[in-house]
Amino acid sequence: MLLLSRKVSSLSISITSPSLFPVSLSRLTNMTSINNSDGALSRLALLARQLRLYKRPPSPGFDGDGDDDGDKGVSQVGFPESVTSVADQPPEKFISNRAAVLICLFEGKNDDGDGLRVILTKRSSGLSTHSGEVSLPGGKAEEDDVDDADTATREAKEEIGLNPSLVNVVAILEPFLSKHLLRVIPVIGILSDQNAFTPTPNIAEVDDVFDAPLDMFLKDENRRSEEREWMGDRYLVHYFDYETGGKKYMIWGLTAGILIRAASIVYQRPPAFLEQSPKIPRVLNKGTILP
């Protein structure tokens with residue numbers, strides 16, 4: 001296990017069918033090799049090759065800068081942009097800030113068993129918005145960022161000291177819309193040399209850095225859901241409870257939704273539980289707040 005769980009003084013849905021890859025992860029994880037180290041490298045290399053084949057759903061016409069304040073939307077309940085009508089609206093209809101989060105995967109070996117793990121943070125208790133919530137490293141795009149991968153890896157370096165040179169970016173997922181229509185782009189990266197990364201978190205932004213098994217977001221274990229209603233339509237919000245190093249974490253909302261989607265793509269199977277999103281109105285106006 002990458003020893004990330006530590007106290008330090010740092011964003012949180014229905015899926016479409018994932019693209020099919022020539023080699024499934026079940027075959028990938030069953031591959032044999034000479035030793036454990038070589039086996040991990042072989043699995044990660046094959047996973048990287050397969051994830052590069054992923055084609056996200058097209059989502060034109062949602063761009064620009066907006067009025068979302070800071071990163072207050074990124075920890076809230078969100079939906080894949082493809083299930084909304086935003087992509088069908090004229091570009092000038094919506095003006096939204098853009099953000100990116102890093103789904104950093106590595107090969108783990110611990111009490112949870114071998115398998116892919118994802119790096120997560122717990123936001124600082126001193127933050128004015130969403131303090132103490134679990135999130136993926138990431139944040140809003142800056143003018144000098146080349147692309148979404150640049151945004152995600154830059155933010156990860158700023159938040160937890162993860163050098164972008166250690167991360168092999170292999171896939172860009174479809175955008176998710178936060179509650180305030182912040183456009184959040186999940187970026188999948190692979191950390192092959194976990195020993196080269198020692199977390200050095202930004203004390204103003206994170207309280208904890210830890211990792212969790214990716215396949216947990218497809219299982220019904222340690223999961224609960226809450227039914228909510230929006231504009232007369234019911235939907236589910238999923239909460240995943242996870243404990244490591246004697247600490248308990250709750251992963252929910254946008255972060256959980258993004259990880260459900262990522263796990264579905266990586267493992268090529270849907271979650272073992274029902275996903276239920278509200279019907280998004282055909283016409284959305286600027287200032288619309290999603291549930």
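These notebook entries record what I looked up in the structure.

**Entry 1: Basis**

I worked from a predicted model, in which local features need pLDDT of at least 70 and side-chain atom pairs count only at pLDDT 80 or more, while totals for chains, interfaces and linings use all residues. Residues are numbered from 1 along each chain as its sequence is written, and side-chain values use heavy atoms, with hydrogens and water left out.

**Entry 2: Overall composition**

I counted four helices and 13 strands in the chain. Helices (H or I, at least four residues) and strands (E, at least two) are DSSP runs, numbered from the N terminus. Of the 291 residues in the chain, 55% are buried. Here buried means under 20% relative accessible area, exposed means over 50%, and partly exposed lies in between (1.4 Å probe, protein chains only). I noted that the chain exposes about 12700 Å², of which carbon and sulfur atoms supply 47%. Those areas come from the Shrake-Rupley method with a 1.4 Å probe; for residues, only the protein chains shown count as cover.

**Entry 3: Strand S9**

I next asked how many residues of strand S9 are buried. Nine of the nine residues in S9 (residues 183–191) are buried, so the strand is largely enclosed by the rest of the structure. In a regular strand the side chains alternate between the two faces of the sheet. I therefore listed the S9 residues by side, citing burial under 20% as the criterion. On one side Arg183, Ile185, Val187, Gly189 and Leu191 are buried, and on the other Val184, Pro186, Ile188 and Ile190 are buried.

I then looked up the partners of S9, where two strands pair if DSSP finds at least two bridges between them. Strand S3 (residues 98–108) runs parallel to S9 and is joined to S9 by eight bridges; Ala99 has Val184 as its bridge partner in S9. Strand S7 (residues 167–172) runs antiparallel to S9, with five bridges, and Ala171 has Ile188 as its bridge partner there. Strand S8 (residues 176–177) is also antiparallel to S9, with two bridges, and Phe176 stands opposite Val184. S8 and S9 form a hairpin with five residues between them, and Leu181 in the turn has a positive phi of about 65°.

I also checked Phe106, which is found in strand S3. Phe106 counts as buried, at 0% relative accessibility. Its C-alpha lies 5.6 Å from that of Leu116, although Phe106 and Leu116 are ten residues apart in sequence.

**Entry 4: Salt bridges**

Side chains of opposite charge can pair when their charged atoms come close. I searched the whole structure and found twelve salt bridges, each being a side-chain nitrogen of Lys or Arg within 4 Å of a carboxyl oxygen of Asp or Glu.

Arg154, in helix H3 (residues 148–160), forms a salt bridge with Glu155, the closest N and O atoms being 3.1 Å apart. Both Arg154 and Glu155 are buried, and the relative accessible area of Arg154 is 15%. The side chain of Arg154 also makes a polar contact with the side chain of Asp145 at 2.8 Å. A polar contact is a pair of N or O atoms within 3.5 Å; within protein, one must be able to donate a hydrogen and the other to accept it, and residues adjacent in sequence count only if both atoms are side-chain atoms. I found Glu142, Asp145, Arg154, Glu155 and Glu158 linked in a network of salt bridges.

Arg224 forms a salt bridge with Asp241, with the closest N and O atoms 3.3 Å apart. Arg224 lies in strand S11 (residues 223–230) and Asp241 in strand S12 (residues 233–244), so the pair ties together parts that are 17 residues apart in sequence. Arg224 is partly exposed at 39% relative accessibility, and Asp241 is partly exposed at 32%.

**Entry 5: Nonpolar cores**

I asked which residues touch the most other members of the largest nonpolar core. They are Ile103, Leu120, Ile188, Phe217, Ile251 and Leu259, in a core of 43 residues. Helix H4 (residues 253–267) gives the most to this core, with ten residues. A second, separate core of 16 residues includes Ala149, Ala152, Leu162 and Leu191. A nonpolar core is a set of buried Ala, Val, Leu, Ile, Met, Phe, Trp, Tyr and Cys residues joined through side-chain atoms within 4.5 Å.
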